[in-house]
Amino acid sequence: MKAALEVQDVTVRFGGVTALDRLTLRHDRGGIVGLIGANGAGKTTLINVLSGTIRPERGRALLDGRELTTLPPHRIARAGLARTFQNLQLFGSLSVLDNVLVVDRDAAPLLDEVGLSDDLEKKPGELAYGRQRRLELARALALRPRVILLDEPLAGLAGSESDELLELFGRVRDRGVTVLLVEHDVPSVLRISDRVLVLDQGALLADGTPGEITADPAVHEAYLGQRR
Ligand SMILES: Nc1ncnc2c1ncn2[C@@H]1O[C@H](COP(=O)(O)OP(=O)(O)OP(=O)(O)O)[C@@H](O)[C@H]1O
């Protein structure tokens, strides 16, 4: 079977900085894959390569065996890979409902699923930050993706909002969508992920279940032990 997501020998450089260094990884299908690593490890760069906003100078990425690295972002989204952004990218002048309707006619059930059915006519700016995050998730789900990339979805959220959002990610996974979760909140990642990848200086430092990652001395030495 073709892997849902595959990264083959990908290198990205910004001037003298190697953000991804011949990175190779493969995820067969399903579940929540947590991607963690220190600041500058290359997490956002990897998401940008997968979603088509950065072209690697070497290597390629594939979704269900189809090469992504030659496609523009909108074609990648239509091919089944959706993403959310570290800084929310909502349409501020459109209603909550219209923000999702621009992607899919069946917006109302999706908004209900993320708990926003009482807010359909509001503008995104009128929602609490955690609810804006939910709206962004609904919009990404409206693409009916097979894989969804979440870039720092818990940043700036209070504990309870963050727990609710994590529960929602679990429901997305249960629908069969593969979730790639990039997040600085390591305890949350370890709690919810089925598989955890640890990036260090653009390369894979560790790859395993949350239990394996927690017990890995190399991860502690390079990363977990020195967390802020
Ligand atoms: N547009 C850019 N121009 C120059 N350097 C960049 C650019 N984007 C990323 N970098 C550099 O590439 C490296 C990887 O950055 P990246 O943002 O992918 O890391 P990250 O793991 O997402 O970090 P953070 O957790 O801080 O978001 C860093 O050294 C960063 O400074």
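Helix α1 gives the most to the shell around the ligand, with 3 residues. Helices here are DSSP runs of H or I with at least four residues, strands are runs of E with at least two, and both are numbered from the N terminus. The model is predicted; local features need pLDDT of at least 70, side-chain atom pairs count only at pLDDT 80 or more, and totals for chains, interfaces and linings use all residues. Residue numbers start from 1 along each chain as its sequence is written.

Around the ligand lie F14, V17, A19, G37, N39, G40, A41, G42, K43, T44 and T45. Each has its C-beta atom, placed from the backbone, within 6 Å of the ligand. Two or more residues come from each of β2 (17-27) and α1 (43-51). The shell has 4 nonpolar, 6 polar and 1 charged residues. Ala, Val, Leu, Ile, Met, Phe, Trp, Tyr, Cys and Pro count as nonpolar; Asp, Glu, Lys and Arg as charged; the others, Gly among them, as polar.

Helices α5 (residues 129-141) and α6 (residues 159-174) pack at about 15°, with axes 10 Å apart. Axes are lines fitted to C-alpha atoms over the stretch in contact, and angles run from 0 to 180 degrees between N-to-C directions. The angle makes α5 roughly parallel to α6 (under 35 degrees). G130, R133, R134, L137 and L141 of α5 meet E161, L165, L168 and V172 of α6. Contact requires C-beta atoms, placed from the backbone, within 7 Å. By class, this contact has 5 nonpolar, 1 polar and 3 charged residues.

Overall, the protein has 9 helices and 10 strands. Its C-alpha trace spans about 50 × 40 × 35 Å along the principal axes.

Definitions and conventions. Parallel < 35°, antiparallel > 145°, perpendicular 65-115°, else oblique. Contact = placed C-beta atoms within 7 Å.
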